[in-house]
Structure formats: structure tokens, C-alpha cells
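Work through these exercises with the sequence and the model open. Try each task before reading its solution.

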Amino acid sequence: YHLILEKKWFSKDIVLVGTGNIAEKIVQEISANQESGFIVQALIGSTPPGFNHENIPLVASLKELATC
């Protein structure tokens with residue numbers, strides 16, 4: 001079990017649309033529950049988040065995300 005979590009064999013990359021309070025709560029929940037397998041790869045929004053988004057890039061659109 002720990003090997004599976006460590007190697008992230010069943011992880012799912014996700015992109016969050018939005019940078020507000022709900023996005024913040026989702027990022028916090030995913031960070032607190034790493035065994036869920038979800039990994040936030042990017043935030044999409046035109047307003048900088050009001051929370052520390054650590055190593056999660058912020059892009060303005062899906063088009064911009066495609067160039068990352």
C-alpha cells in the first residue's frame with residue numbers, strides 16, 4: 001500500500017478552474033489527503049489566488065495551459 005502511494009501509480013492529475021475560496025478548500029483537502037491520489041497540476045483563473053498555491057502554476061486560460 002505504501003509503495004503504491006509513494007510511486008503514485010494510481011494518481012490522477014487535475015486542473016482546477018477558479019482561484020477563490022472553493023479552489024483554496026479543494027487544494028487544502030487534496031494536500032491533507034494525499035492518499036486520494038489527486039494531484040492539482042494547475043489553477044485556471046485571471047485573479048491571483050488569495051492563498052499559497054505553492055508549486056501549482058496559475059494560467060489564465062485552457063489555451064495557455066496547453067502551452068505549459
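This is a predicted model: local features need pLDDT of at least 70, side-chain atom pairs count only at pLDDT 80 or more; totals for chains, interfaces and linings use all residues.

**Exercise 1. Classify Gln 34 by place and by accessibility.**

Step 1. Find the loop. Gln 34 lies between helix H2 (21-32) and strand S2 (38-44).

Step 2. Apply the cut-off. Exposed means over 50%. Gln 34 has 62% relative accessibility, so it counts as exposed.

Step 3. Ser 11 is 23 residues away along the chain, and the two C-alpha atoms are separated by 9.5 Å.

**Exercise 2. Derive the order of elements and the layout of the sheet.**

Step 1. Count the elements. The protein chain has 3 helices and 3 strands.

Step 2. The order is α-β-α-β-β-α.

Step 3. Order the strands. They form an open sheet, S1-S2-S3, with parallel pairing. Which strands stand at the edges? They are S1 (12-17) and S3 (58-59); each has a single partner strand, so one side of each is left without a neighbour in the sheet.

Step 4. Check the S1 and S2 pair. The two run parallel and are joined by 6 bridges. Asp 13 faces Ile 39 in S2. Val 15 stands opposite Ala 42 in S2. The chain passes from S1 through H2 to S2, a right-handed β-α-β crossover.

Step 5. Check the S2 and S3 pair. These strands also run parallel, with 2 bridges between them. Leu 43 stands opposite Leu 58 in S3.

**Exercise 3. Identify the largest nonpolar core and the elements that build it.**

Step 1. In soluble globular proteins, nonpolar side chains tend to be buried together.

Step 2. List the members. The largest nonpolar core holds 8 residues: Leu 16, Ala 23, Val 27, Ile 30, Val 40, Leu 43, Phe 51 and Ile 56.

Step 3. Assign them to elements. H2 and S2 each provide at least two residues of this core. The greatest share comes from H2, with 3 residues.

Step 4. Inspect one member. Leaving out residues up to four places away in sequence, Val 40 touches Ile 14, Leu 16, Val 27, Ile 30 and Ile 56.

**Exercise 4. Summarise burial, contacts and surface for the whole chain.**

Step 1. Burial: 22% of the 68 residues count as buried.

Step 2. Contacts: take pairs at least 6 apart in sequence. Of these contacts, 52% join residues at least 24 apart.

Step 3. Surface: the accessible area is about 5200 Å², and carbon and sulfur atoms account for 56% of it.

Terms used
Residues are numbered from 1 along each chain as its sequence is written. Side-chain values use heavy atoms; hydrogens and water are left out. Helices (H or I, at least four residues) and strands (E, at least two) are DSSP runs, numbered from the N terminus. Buried means under 20% relative accessible area, exposed over 50%, partly exposed in between (1.4 Å probe, protein chains only). Two strands pair if DSSP finds at least two bridges between them. A crossover is right-handed if, with the strands pointing away from the viewer, the path from the first strand over the helix to the second runs clockwise. A nonpolar core is a set of buried Ala, Val, Leu, Ile, Met, Phe, Trp, Tyr and Cys residues joined through side-chain atoms within 4.5 Å. Contact means heavy atoms within 4.5 Å. Accessible areas come from the Shrake-Rupley method with a 1.4 Å probe; for residues, only the protein chains shown count as cover.
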